[in-house]
Amino acid sequence: MNAVALWNKLDAKQRAVLCGLPFDGAPWTPAMRKLVRLQLVERAPTGWRATDLGQHVAKPPLCFLDMDGVVARVIHRPKYAWETEEAWKARQATAFERIDAPSMRRLNAIADQTGALFVMSSTWRLAENATPEGYQRVMRERGFTGKLVGFTPVVIGPRWMEIERYLRTMATQPRSFVVLEDFEPMGPLAPRTVVTDEVRLITDADVEHAVSLLTT
């Protein structure tokens, strides 16, 4: 595949990962020259083409991320006898309050060691007006330095079907993927799932397991 074809095949997020610059519509730009400097493309008898490294980087691995029990503590505050349902719900910890900063740093370790991008598979994505960009900001405030690039779709069926649907609809398949999950059965995706404990959340051992799955 030549460099132009590779460049045009990438979506905007993959281009940003590949060369650190936004795509401006013209392949022969400073962005493309940077690809050459990074040894992601090379000259061939037929023109420019992606190097093995370039093709590898252009297909970053994905980490499908549950939130509760993985990076957010499950907090159920007791309901008093005199308390209305609305008042009890108002006293529950917000999503932001429940995010665990050390767990965010463990996600960073996965991203740093593998180049993985993150896709939210948690029910958090169903909140009103929820967007990957919005959650990215919230998670960044808790120490997350990785990239949240999307949400899995909502389908009738178990969560693993939502993940499979997301993968099937990708224009460029990731070179590998892993699922971080504390509860939902993952069916055929079980071999690529790291199951966390809802009390301890993601651990260093879970990080090692995830990195191993993403790099083999």
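Strand 6 is largely enclosed by the rest of the structure, because 5 of its 5 residues are buried, where buried means under 20% relative accessible area, exposed over 50% and partly exposed in between (1.4 Å probe, protein chains only). Strands here are DSSP runs of E with at least two residues, helices are H or I runs with at least four, and both are numbered from the N terminus. Both faces of strand 6 are covered: Phe177, Val179 and Glu181 are buried on one side, and Val178 and Leu180 are buried on the other.

A quick word on what you're looking at. This is a predicted model, with local features needing pLDDT of at least 70 and side-chain atom pairs counting only at pLDDT 80 or more, while totals for chains, interfaces and linings use all residues. Residues are numbered from 1 along each chain as its sequence is written, and side-chain values use heavy atoms, with hydrogens and water left out.

Now for the strand's neighbours. Strand 3 (residues 62-65) pairs with strand 6 (residues 177-181) in the parallel sense over 4 bridges; two strands count as paired if DSSP finds at least two bridges between them. Along this pairing, Phe64 sits opposite Val179, and Leu65 faces Leu180. Strand 6 also pairs with strand 7, again in the parallel sense, over 3 bridges, and there Leu180 stands opposite Val194.

Zoom out and you get an open sheet of 5 strands in the order 5-4-3-6-7, with parallel pairing. Strand 5 (148-151) and strand 7 (193-195) stand at the edges with a single partner strand each, so one side of each has no neighbour in the sheet. On average, neighbouring strands are turned by 25° against each other, direction ignored; axes are lines fitted to C-alpha atoms, for helices over the stretch in contact, and angles run from 0 to 180 degrees between N-to-C directions.

What lies across the sheet? Helix 8 (residues 132-141) lies across strand 3, strand 4 (117-120) and strand 5, running at about 135° to strand 5. Helix 9 (residues 159-168) packs on the sheet too, touching strand 3, strand 4, strand 5 and strand 6, and its direction makes about 150° with that of strand 3. Contact means heavy atoms within 4.5 Å.

Back to helix 8: Pro132, Gly134, Tyr135, Gln136 and Met139 are buried. The buried residues of helix 8 pack against strand 3, helix 7 (101-114), strand 4 and strand 5. After helix 8 comes Gly143, with a positive phi near 105°.
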